[in-house]
Amino acid sequence: MAIVEKGKVFIPNETIEYAAGGIVSKELVHSHAGSVTLFSFDEGQQLSEHSAPFDAIISVIDGEPEIFIDGIVHYPKAGDMLIMPANHPHAVNAKTRFKMMLIMIRG
């Protein structure tokens with residue numbers, strides 16, 4: 001079942017909830033060209049350092065994460081976006097609980 005109905009306006013912040021002590025993800029779009037996924041992180045949760053073979057765009061919806069790219073920390077806030085370049089190590093840490101949209105572009 002689709003998370004959101006195509007052709008209808010939706011509010012990302014209301015489309016995904018927080019889970020105590022966890023990370024929640026909801027994929028909105030998936031194709032050979034890439035994907036769009038909503039994430040919510042409870043405070044203190046993290047994605048350990050890794051890299052991907054394609055660019056990824058983070059759009060912060062709520063809260064304040066710490067995003068590490070090549071060892072440099074970034075502190076985007078709600079409304080901010082950040083492009084994580086392909087083949088560069090990155091990690092995500094929930095300084096406070098936060099929500100983000102991750103847009104993966106393949107190719």
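Start by selecting Thr-37, which counts as buried at 10% relative accessibility (buried means under 20% relative accessible area, exposed over 50% and partly exposed in between, with a 1.4 Å probe and protein chains only). You are looking at a predicted model, in which local features need pLDDT of at least 70 and side-chain atom pairs count only at pLDDT 80 or more, while totals for chains, interfaces and linings use all residues. Residues are numbered from 1 along each chain as its sequence is written, and side-chain values use heavy atoms, with hydrogens and water left out.

Thr-37 sits in strand E2 (strands are DSSP runs of E with at least two residues, numbered from the N terminus). Now show what surrounds Thr-37. Leaving aside neighbours within four places in sequence, Thr-37 is in contact with Ser-25, Lys-26, Glu-27 and Leu-28, and also with Met-100, Met-101 and Leu-102 (contact means heavy atoms within 4.5 Å).

**Next stop: the sheet**

Switch to a cartoon view and find the open sheet of five strands, ordered E1-E2-E9-E4-E7 with antiparallel pairing (two strands pair if DSSP finds at least two bridges between them). Which strands stand at the edges? They are E1 (23-31) and E7 (81-84); each has a single partner strand, so one side of each is left without a neighbour in the sheet. On average, neighbouring strands of this sheet are turned by 20° against each other, direction ignored (axes are lines fitted to C-alpha atoms, and angles run from 0 to 180 degrees between N-to-C directions).

Zoom in on E4 (residues 56-62), which pairs with E7 in the antiparallel sense over four bridges. Pick Ile-57 there, and you will find its bridge partner in E7, Ile-83.

**Next stop: the nonpolar cores**

Select Phe-41, Ile-58, Ile-67, Met-84, Met-100 and Leu-102 together. These have the most contacts inside the largest nonpolar core, which has 17 residues (a nonpolar core is a set of buried Ala, Val, Leu, Ile, Met, Phe, Trp, Tyr and Cys residues joined through side-chain atoms within 4.5 Å). At least two residues of this core come from each of E2 (34-41), E4, E5 (65-69), E7, E8 (90-94) and E9 (98-105). E9 gives the most, with four residues. In soluble globular proteins, nonpolar side chains tend to be buried together.

Apart from this core lies another, of seven residues, among them Val-4, Ile-16, Val-36 and Ile-61.

Stay for a moment with Met-84. Beyond its neighbours within four places in sequence, its contacts include Phe-54, Asp-55, Ala-56, Ile-58, Ile-67, Ile-69, His-90 and Leu-102.

**Last stop: the aromatic rings**

How many aromatic pairs does a search of the whole structure find? There are two (rings of Phe, Tyr and Trp, the latter by its six-membered ring, pair if their centres lie within 6.5 Å; planes under 30 degrees apart count as stacked, over 60 as edge-to-face and the rest as tilted). Select Phe-39 and Phe-41 to see a tilted pair, 6.1 Å centre to centre with 35° between the planes. Phe-39 is buried at 14% relative accessible area, and Phe-41 is buried at 0%.

Phe-39, Phe-41 and Phe-98 form one aromatic cluster.
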